[in-house]
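Please consult the sequence and coordinates alongside the text.

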Amino acid sequence: HQQTFLNQLREITGINDIQVLQQALKDSNGNLELAVAFLTAKNAKVPQLEEATYYQTALPGNDRYISVGSQADTNVIDLTGDDKDDLQRAIALSLEESNRAFRETGITDEEQAISRVLEASIAENKASLKRTHPEVWSDSPNPYDRKRQDNCPVGLKNVGNTCWFSAVIQSLFNLLEFRRLVLNFNPPANAQDLPRNQKEHRNLPFMRELRYLFALLVGSKRKYVDPSRAVEILKDAFKSNDSQQQDVSEFTHKLLDWLEDAFQIKAEEERDGEKPKNPMVELFYGRFLAVGVLEGKKFENTEMFGQYPLQVNGFKDLHECLEAAMIEGEIESLHSENSAKSGQEHWFTELPPVLTFELSRFEFNQALGRPEKIHNKLEFPPILYLDRYMHKNREITRIKRDEIKRLKEYLTVLQQRLERYLSYGSGPKRFPLVDVLQYALEFASSKPVCTSPVDDLGASAPASGTLPAQTSPSTIEQQGPSSSDVPSTSPVQRSVIHKPFTQSRIPPDLPMHPAPRHITEEELSVLEGCLHRWRTEVENDTRDLQESISRIHRTIELMYSDKTMVQVPYRLHAVLVHEGQANAGHYWAYIYDHNQNRWMKYNDISVTKSTWEELERDSFGGYRNASAYCLMYINDKEQYLIQEEFNKETGQILVGMDTLPSDLRDYVKEDNKRFEKELEEWDAELAQKAQQEKLLSQIPRAPAPSPAPVQAGEPEYLEQPSRTDLSKHLKEDSVQAINKALAEQEDRGPEAIMDT
């Protein structure tokens with residue numbers, strides 16, 4: 001047992017010194033992972049656990065320790081006893097150390113500890129995103145956990161940062177026409193005679209592995225299958241290490257190129273004097289016409305495209321992205337003569353049955369010197385009409401674009417005017433004009449109510465015309481002659497009372513709330529009438545502006561809804577989602593099940609039912625760091641793309657294994673036999689364990705062997721026998737007892753055995 005640990009440590013760390021290895025095992029109390037951590041530290045120095053505080057992070061199958069405490073100080077106080085003086089000294093020492101650190105750095109111990117934890121957490125996150133050895137799905141030992149349920153779609157195992165592969169392959173596999181092309185692909189008959197160039201050396205083996213993979217996705221009895229063989233061929237072409245996450249668009253470009261090359265070899269072999277037709281080109285590639293003006297000269301170019309790139313930043317929906325992509329430069333110059341400006345328009349002349357939009361959600365930040373992901377929200381519809389972008393509709397589209405431009409200009413004017421109604425004033429604080437008029441009306445209708453602050457004093461203030469009971473001489477001198485010296489007919493002179501409370505209140509002649517000082521009934525009547533009328537006019541104007549803005553928005557939305565502009569519908573087939581940042585993340589796919597009319601979520605080995613609401617939340621962006629990265633639309637009028645295959649003789653729909661060619665059917669059957677054998681072996685193993693447990697319960701349990709004597713020089717943790725040794729002795733005794741019982745059963749019968 002010790003030697004096994006030593007061999008594992010030697011293999012992992014590369015250290016051959018047996019004493020160092022034994023010391024590491026001893027200090028780690030036999031914990032192999034902790035011993036590896038000790039040995040891989042600087043200068044193979046084993047840190048003492050008492051010198052620092054360690055926090056264990058939860059990583060799957062990997063225990064790591066992040067030091068967030070400082071080394072032990074020499075001023076150590078034992079707090080294990082009941083001495084309260086020790087506790088007081090410990091608190092005082094802690095405060096002294098904290099204050100000293102704060103005076104030196106300006107940062108408290110708590111802030112430093114939190115900072116160290118955050119730094120360690122950030123480093124751990126980076127390490128988990130870019131691991132040298134990527135995480136791989138571990139298979140359950142129970143094969144029933146890996147068994148396919150009914151006709152549930154089959155998932156793909158993540159064999160190390162291959163979620164990009166799973167997302168793209170599942171999207172294409174669920175495109176039934178593409179599936180048929182791959183499954184029925186036959187390598188060229190003279191493949192061995194062809195020059196073995198680099199393309200053929202990769203493409204043909206990849207097509208073979210892709211056929212096998214598609215066949216397993218069709219008829220496997222497993223819940224998920226392993227795509228390692230196809231992935232390895234692709235990774236060799238990318239010339240990247242296993243830990244690098246591949247870009248979905250890069251992989252899709254590479255995949256389509258390989259498929260195009262593979263089918264081109266087959267097409268050239270089968271042509272009869274005609275130009276060969278490549279089914280991959282016909283399925284995924286379209287054409288557009290570039291019409292423009294360059295330095296006053298008009299030009300037209302026809303170009304082919306596969307994935308159509310679209311910018312996301314600055315747009316709210318897919319149509320805005322397409323409008324921006326179809327027009328470049330000064331659009332007015334395209335329709336004017338003798339213009340020196342430059343610009344161009346793109347018009348689709350031929351759309352592919354499968355139209356893929358690549359959403360550019362990554363951009364390079366020049367200031368930071370690194371790529372960043374764009375998390376802006378971008379909406380896209382389940383049905384996309386592309387009539388407005390077709391070359392045959394260019395004239396009517398230009399007219400509608402001009403009308404939309406005019407409406408948007410008018411819309412801007414209305415919105416600015418509405419803003420002045422809703423935010424009235426010239427200062428920093430603004431209010432709706434309706435509220436301002438209402439406030440003015442309430443002010444004009446208010447009645448002035450004056451209250452003397454001296455009267456508010458109540459019992460604490462003296463009565464009118466009298467002096468306080470106790471008055472200083474200075475106050476009397478200031479007051480002048482007393483009330484007895486003044487004729488009774490003169491008004492009473494109120495003395496000035498110098499008290500902070502009285503002086504802090506409002507003057508006695510001001511109203512308690514804003515109100516007009518002087519206003520006649522006639523003036524109030526006229527003013528109220530005007531304010532009421534103005535308020536009503538402003539309310540009507542505001543409502544009319546809002547209704548006009550809504551009508552213009554609706555008109556713009558319905559501009560392309562007439563019958564002539566809804567003849568080219570494309571249905572959303574798959575959405576490839578990326579969650580994370582520019583440098584790392586995870587991919588999965590939402591794929592529409594055209595047979596069941598529902599959305600499915602394909603996330604590596606997990607395949608679950610989904611909804612459009614869940615797709616919106618994960619794909620539109622703007623809420624969290626998950627958003628659509630690639631959209632796959634299919635021509636809704638080309639039913640052959642998603643149509644099931646029929647038996648030509650019986651007319652019945654072919655499903656499952658019946659859709660496979662004979663060679664692939666045999667391949668899947670062999671794999672299913674191997675999986676069935678796993679199930680049988682698992683059942684037999686469980687039955688054997690149950691039988692052994694039943695027999696063991698009928699006989700006395702053998703006593704455990706006594707511990708082996710301790711030999712000099714062995715580590716302390718090897719003084720007791722290991723679990724392996726105990727299990728070995730128990731197993732031998734159990735086997736002997738079982739064999740003895742079976743022999744007695746043959747001689748005396750089961751009744752005699754039960755009697756004993």
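In which loop does Phe646 lie? The model is a predicted one, and in it Phe646 is found in the loop between β18 (626–635) and α19 (662–696). Phe646 counts as partly exposed because its relative accessibility is 40%. Together with Ile653 and Val655, Phe646 makes a nonpolar surface patch of about 280 Å².

**A covered helix**

Helix α6, spanning residues 163–173, is mostly covered, with 11 of its 11 residues buried. Among them are Cys163, Trp164, Phe165, Ser166 and Gln170. Phe173 also belongs to the buried residues of α6, and Arg179 lies over the face of Phe173 at 3.9 Å from the ring centre.

**Aromatic pairs**

A pair of aromatic rings is described by the distance of the centres and the angle of the planes. In this model the count comes to 19 aromatic pairs. One of them joins Phe178 and Phe284: the ring centres are 5.7 Å apart and the planes stand at 75°, so the pair is edge-to-face.

Elsewhere, ring pairs link Phe380, Tyr592, Trp599, Trp612 and Phe620 into a cluster.

**Salt bridges**

A search of the whole structure finds 23 salt bridges. Three of these are set out below, with the distance between nitrogen and oxygen.

| Salt bridge | N to O distance |
|---|---|
| Arg287 and Glu350 | 3.3 Å |
| Asp636 and Arg571 | 3.0 Å |
| Lys601 and Glu614 | 3.8 Å |

The bridge between Arg287 and Glu350 links distant parts of the chain, with Arg287 in strand β5 (residues 286–294) and Glu350 in strand β9 (residues 343–350), 63 residues apart. Arg287 is partly exposed at 32% relative accessibility, and Glu350 is partly exposed with a relative accessible area of 39%.

Asp636 and Arg571 meet in a salt bridge. Asp636 is placed in the loop between β18 and α19, whereas Arg571 is in strand β14 (residues 569–580), so the bridge ties together parts that are 65 residues apart in sequence. The relative accessible area is 23% for Asp636, which is partly exposed, and 27% for Arg571, which is likewise partly exposed.

For the side chains of Lys601 and Glu614, joined by a salt bridge, the sequence separation is 13 residues, with Lys601 in strand β16 and Glu614 in helix α18 (residues 612–619). Are these two residues buried or exposed? Lys601 counts as buried because its relative accessibility is 17%, and Glu614 counts as buried at 19%; the cut-off for this class is under 20%. Lys601 has a further contact, lying over the face of Trp588 at 4.9 Å from the ring centre.

Beyond these pairs, Arg146, Arg222, Asp671, Arg674 and Glu678 are linked in a network of salt bridges.

**Strand pairing and backbone angles**

Strands β11 (residues 362–365) and β12 (residues 370–373) pair in the antiparallel sense over four bridges. Within this pairing, Glu363 stands opposite Glu372 in β12. The two strands form a hairpin with four residues between them, and Gly369 in the turn has a positive phi of about 70°.

Positive phi values also occur in residues other than glycine, including Asn597, near 55°, and Asp604, near 60°. Asn597 lies in the loop between β15 (585–593) and β16 (598–603), while Asp604 is in the loop between β16 and β17 (606–610). Their accessibility may be stated for each residue in turn. Asn597 counts as exposed because its relative accessibility is 55%. Asp604, at 3% relative accessibility, counts as buried.

Technical notes
Residues numbered from 1 in each chain as written. Predicted model: local features only at pLDDT ≥ 70, side-chain atom pairs only at ≥ 80, totals over all residues. Heavy atoms only, no water. Buried < 20%, exposed > 50% of the residue type's maximum accessible area, 1.4 Å probe, protein only. Patch = residues over 30% accessible without salt bridge, like charges linked within 9 Å, V, L, I, M, F, W, Y side chains within 5 Å. Areas by Shrake-Rupley, 256 points an atom, 1.4 Å probe, with all protein chains shown as cover. Salt bridge = Lys/Arg side-chain N within 4 Å of Asp/Glu carboxyl O. Phe/Tyr/Trp six-rings, centres within 6.5 Å; stacked < 30°, edge-to-face > 60°. Lys NZ or Arg CZ within 6 Å of the ring centre and 35° of its normal. Pairing = 2+ DSSP bridges.
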